[in-house]
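Here is a friendly walk through a structure, with the packing of its parts in view. Please keep the sequence and the model side by side as you read.

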Amino acid sequence: MIFPINKRFIPSVVWILIITILSLVPSSGIETIWFDFPIPLDKIVHFGLYAVCSFLLFYGKRWTSASLVKNGKTLLFVVLSVILYSVLLELLQSTNLINRNASFLDIIANILGVSAGILLYVSLAKKINFLR
């Protein structure tokens, strides 16, 4: 094996591949969902995709070295790497190579999703032993 990978990273790697494919293939028009205020469906999707991504990546990274978790480096690694990757995908969407449009609001939805994924992980880790 060229790059040994901890099996706990496999779900996050698969999820990142899914995000990459969904972000770089041409999309059809997406409708707006109406609640008390309009929430574009694509922002909900961005939020959800990146919440799951940060949750899975934090889960995998946290198990590789418990000492990193205690001083916050794992949290910083997950947050920065996922946010930077989301910005990179948005920048790629703005190029002529891909028939998509970049959106600053997508990046905001991604950042909120990353935050929600980490908060969900931390809150569940207190309740479910296998997440620790």
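Val25 sits in the loop that runs between α1 and β1 (32–34). The labels of helices (DSSP H or I, at least four residues) and strands (E, at least two) are numbered from the N terminus. At 37% relative accessibility, Val25 counts as partly exposed, where buried means under 20% relative accessible area, exposed over 50%, and partly exposed in between (1.4 Å probe, protein chains only). Although Val25 and Gln93 are 68 residues apart in sequence, 9.3 Å lies between them in space, C-alpha to C-alpha.

A word on the model itself: it is predicted, so local features need pLDDT of at least 70 and side-chain atom pairs count only at pLDDT 80 or more, while totals for chains, interfaces and linings use all residues. Residues are numbered from 1 along each chain as its sequence is written, and side-chain values use heavy atoms, with hydrogens and water left out.

**The chain as a whole**

The protein chain has five helices and two strands, and from the N terminus on its elements run α-β-β-α-α-α-α. Of the 132 residues in the protein chain, 32% are buried. Contact here means heavy atoms within 4.5 Å. Among contacts between residues at least 6 apart in sequence, 69% join residues at least 24 apart.

**Two helix pairs**

Two packed helices are described by the angle between their axes and the distance between the axes. Axes are lines fitted to C-alpha atoms, for helices over the stretch in contact, and angles run from 0 to 180 degrees between N-to-C directions.

Start with helix α1 (residues 10–24) and helix α4 (residues 73–93), which pack at an angle of about 25° with their axes 10 Å apart. α1 and α4 are therefore roughly parallel to each other; the classes are roughly parallel for angles under 35 degrees, roughly antiparallel over 145, roughly perpendicular from 65 to 115, and oblique for the rest. The crossing of α1 and α4 is right-handed. A crossing gets that name if the near helix is turned clockwise from the far one by less than a right angle, and is left-handed if anticlockwise. On the α1 side the contact is made by Ile16, Ile19, Thr20, Ser23 and Leu24, and on the α4 side by Tyr85, Leu89, Leu92 and Gln93. These residues of the contact of α1 with α4 divide into six nonpolar, three polar and no charged. In this grouping Ala, Val, Leu, Ile, Met, Phe, Trp, Tyr, Cys and Pro count as nonpolar, Asp, Glu, Lys and Arg as charged, and the others, Gly among them, as polar.

How do α4 and α5 cross, and at what angle? Their axes come within 10 Å and cross at roughly 155°. α4 and α5 are therefore roughly antiparallel to each other, and their crossing is right-handed. From α4 the contact takes in Leu75, Val78, Val79, Val82, Ile83, Ser86, Val87 and Glu90, and from α5 Asp106, Ile107, Asn110, Ile111, Val114 and Ile118. The residues of the contact of α4 with α5 divide into ten nonpolar, two polar and two charged.

Ile118 of helix α5 is worth a look. At 7% relative accessibility, Ile118 counts as buried, and it touches Ser54, Phe58, Leu75, Val78 and Val79, not counting residues up to four places away in sequence.

**Salt bridges**

The structure holds two salt bridges, each being a side-chain nitrogen of Lys or Arg within 4 Å of a carboxyl oxygen of Asp or Glu. Lys43 takes part in a bridge with Asp42 and in another with Asp106.

| Pair | Closest N and O atoms |
|---|---|
| Lys43 and Asp42 | 2.9 Å |
| Lys43 and Asp106 | 2.7 Å |

The bridge of Lys43 with Asp106 links distant parts of the chain: Lys43 is in helix α2 (residues 41–64) and Asp106 in helix α5 (residues 104–127), 63 residues apart. Both Lys43 and Asp106 are buried, Lys43 with a relative accessible area of 17%. Asp42, Lys43 and Asp106 are linked in a network of salt bridges.

**Gly60 and Phe9**

Helix α2 also holds Gly60, buried at 0% relative accessibility. Gly60 touches Arg8 and Phe9, not counting residues up to four places away in sequence. Phe9 is found in the segment before α1 and counts as buried at 15% relative accessibility. Phe9 and Gly60 are 51 residues apart in sequence, with 4.7 Å between their C-alpha atoms.
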